[in-house]
Amino acid sequence: MTLFDNIKQDGSKANRRRIINVTHQIPFEIHHQPGRTPSPWYFKSRRHHEAMNGGIHSLTEHGTWDIVHIGWIGQIQWHSGEDTMTRLLTEQDKQELRNELWQEHHSIPLFLNAESIQGHYDGYCKTMLWPLLHYIIWNNATDGRLESKQWEIYAAVNQKYSELVIDCYQPEDVVWIHDYHLLLVPRILRIKLPKANIGLFVHSPWPTSEILRCLPKRQEILKGMMGANLVGFQTYGYARHFISTCTRVLGYETTPEGIYDDDGYFCYVGTFPIGINTVKVEQMLAQQHTLNKMKIITDMYPDKKILVARDKIDLVKGVLQKLEAFEKFLYLYPQWRNKVILIQLTDGSATLSKNDDTVKLENKISAMVARINGVYGSLEFTPVYHYHHHVQDDEYHALLSVADAGLITSNRDGINTTAYEYIICQQKRASPLIVSELTGTATSLSSALIVNPWDLSGVAKAIHDALKMSDIEKMARHRQLLYHVKSHTAEFWARSFVKRLMESIELSEQSSNTTLLTGEQLLPRYQKAKKRLICLGYDGILIPRQNRRKIGASIPAKTTLLSLQKLCDDPRNIIWVVSGQDELTLSRSLGSIKGLGLSAENGAFIKYPNSQRWINLMQDVDMEWKNDVIEIFTYYTERTSGSFIEHKRSSITWNYLLADPVYGAFQAKECQNHLEHAILSKLPVELIIGKKKVEIRPRMTNKGEIIKRLLSSNSNTKSSSSSLRATTISPITGSASLDDQVIDFILCCSTSEDMFKAIKKLGRQDAMSVMVGAEEKRKTLATWHLPTADDVKNILLDMANTLDT
């Protein structure tokens, strides 16, 4: 029995539902100590991402969820003196780790080779995605070969994560994916597991659409994310940027709650600011060795005001700007010289290996510290203490507790949990907190002193104000900050996200108004029928919906064309394609199929089966109204860049497909109001709001009218009005003569509610109306649904193949 068999067996025995938690790294550091018993392998909690891991772990309490962790193993700590980079895992090592990680921590490890690590994490993640998400545009021009190679590795590694999820997935599992390392995983899972419950949380900032446009693979990234049921962000601003980006880059329809893709699938978007484990921090503060460290630090700097900061050596953390602001503070406020010190803690870069930019930044920081201490220091006094190494937890929390002000002045950041830890540690002193307005933290901690990190004088003044602040103001500000931190903990974050994810899944299920059509449901009824009428739409049915930024229709797949011809060859079938496209487009793409009936421009033109002549059903209709409509459409075209007018013989359309999506939608509403007052009230026309277009056409022209022609039950019928005769069409005149057989099977696959309405009025049990597109998109009069044009292709193929059986 394999490991995954054991995992599924364990899951089937559990009474609780499972969350498959997918992170870049598993939450445990792996250590190997030769000679250790009973196993040389042992595991410690990973220091980084404590808030995330703690919040997720809290879900296991109160018997609510079981957690399965999936992630890369990270760098193994070898305690035998061997070189970490040259020590390779054997197959036996891997099997031992799989078994022990599952038994001890319900973790499934992913093993990556050096090339995958370099191309995925140190490569695409840290050199392409991470800078852009933090508003840093790359400044090194390349020929693109390296980026292309890194993208291939990024996609391949995301595929490996997905395969691990699929291997251990069981129905009813919830899959929770984290951060920018794994943005392709949701879509991969959605394709393989269509009914899976998938959540994605992005821990980093999310930039505006204009910044993300710089990413060559932006569409693949965004579509990958939209495979999730729910995408979560740290702040409302980040969520709004993501929705706007999907609108402006992909052309998708959006609402304040989320995004519709081209197939009608709805992806919810929400805001969930992360917190910390406040109880754990308070327990650390109460320990005696932490109290001892507080006294030691206070004794080391008698009669000094202490400013404290902790950052990684990254370009966005703003350490260099912070030091410059502190230097400006000492220059502008000389009364604080020899009285205020800055203790700056810095951890290593987020990348696994140092790059040139990191080394340069470290050198600049060291030079800046030396300059400040040289200008404003003396033998008795050092203004800046820079500790470039990991500080133990008790020392760190002791330092936060005795500080007179905290400095969180990143140039760009998500939620900085150091600020939250500082607030908890300051429950006795209530010292002020200074926070950069360019971080996600600022949106949650409005009672802090908010600064622009690039405004050195402004930061210097904030430091001065913090040190001079009255005790009453300190307490008032701290009380509000403390309330937020204690009410928005890591546990609250995890529970809020999972609750919203389950609600979004429930809403999607409740909005399903139709049943998914399968071959097992369709084929028996199709085969049993003696005479069948099949009506098909074109865009989104015979061909996939076009990219919103592309003009013109494509040709149906060869498989679809062959299936249609085979169906038309069966004398029991009457096949019609009813489309909004013009007759030229339909003739080019479907004219080669013998025996196929065609209807163009929403029923304005028809071509009967086995005929080559198009008939204009609107030739006697007065079309003078077009002049007034053209005048209005021209007005909005001139004022909306990227919009244009489409002229058809039976209708006229204002299309804003290439316009700015937001401004185009605004102008469309204005145009609609204009038409309703100036045109619709006076002339026999109707207004149709389509996808990125506004259409005006005669009221008598719609797809439902064609269905009525084909399905009309009149005095020529043999029996009651519920029966329907088939008609044989003359290839020359198009006149109808009655067939001896009555149609006893009707199939209509479309996106047109006019067609579904016409079928519904018949009240026939043998009629199957099928909405093509995700059922969550909207309510429909159809009784069945198919998600995509590929599903229609498969249904047509199944029906055509029944002729061979």
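The following exercises, each with a worked solution, concern a predicted model.

**Exercise 1**

Work out which residues of helix H20 (residues 519-528) are buried, and how they are placed around the helix axis.

*Solution.* Begin with the buried residues of H20, which are Gly519, Leu522, Leu523 and Tyr526. Next, look down the axis of H20: the buried residues fall within an arc of 95 degrees, so they line one face of the helix. Then turn to the face of H20 directed away from this buried side, where the exposed residues Glu520 and Lys528 are found. Finally, ask what covers the buried residues: the cover includes strand S20 (532-536), helix H21 (558-569) and strand S21 (573-578), and also strand S31 (745-750), strand S32 (767-772) and helix H27 (789-801).

**Exercise 2**

Find the residues with the most contacts inside the largest nonpolar core, and then examine the surroundings of Phe233.

*Solution.* The largest nonpolar core has 75 residues, and those with the most contacts inside it are Trp206, Met225, Phe233 and Phe242. Taking Phe233 and leaving aside its neighbours within four places in sequence, one finds contacts that include Trp206, Met225 and Phe242, and among the others are Phe201, Tyr238, Val269 and Pro273. A second, separate core of 57 residues includes Tyr268, Met294, Leu399 and Ala419.

**Exercise 3**

*Solution.* The structure as a whole holds zero disulfides. As for accessibility, Cys267 counts as buried at 0% relative accessibility, and Cys568 counts as buried at 13%.

**Exercise 4**

Describe the open sheet that contains strand S25, and state which strands stand at its edges.

*Solution.* The sheet has four strands in the order S25-S26-S28-S27, and their pairing is antiparallel. Strand S25 (644-647) and strand S27 (685-690) stand at the edges, each with a single partner strand, so one side of each is left without a neighbour in the sheet. Neighbouring strands are turned by 20 degrees against each other on average, when direction is ignored. To look at one pair in detail, take S25 and strand S26 (residues 652-655), which are joined in the antiparallel sense over four bridges; here His647 has Ile652 of S26 as its bridge partner. Last, helix H24 (residues 661-680) lies across S26, S27 and strand S28 (693-698), and runs at about 170 degrees to S27.

How values were computed:
Residues are numbered from 1 along each chain as its sequence is written. This is a predicted model: local features need pLDDT of at least 70, side-chain atom pairs count only at pLDDT 80 or more; totals for chains, interfaces and linings use all residues. Side-chain values use heavy atoms; hydrogens and water are left out. Buried means under 20% relative accessible area, exposed over 50%, partly exposed in between (1.4 Å probe, protein chains only). Helices (H or I, at least four residues) and strands (E, at least two) are DSSP runs, numbered from the N terminus. The arc is that of the directions from the helix axis to the C-beta atoms. Contact means heavy atoms within 4.5 Å. A nonpolar core is a set of buried Ala, Val, Leu, Ile, Met, Phe, Trp, Tyr and Cys residues joined through side-chain atoms within 4.5 Å. A disulfide is a pair of cysteine sulfur atoms within 2.5 Å. Two strands pair if DSSP finds at least two bridges between them. Axes are lines fitted to C-alpha atoms, for helices over the stretch in contact, and angles run from 0 to 180 degrees between N-to-C directions.
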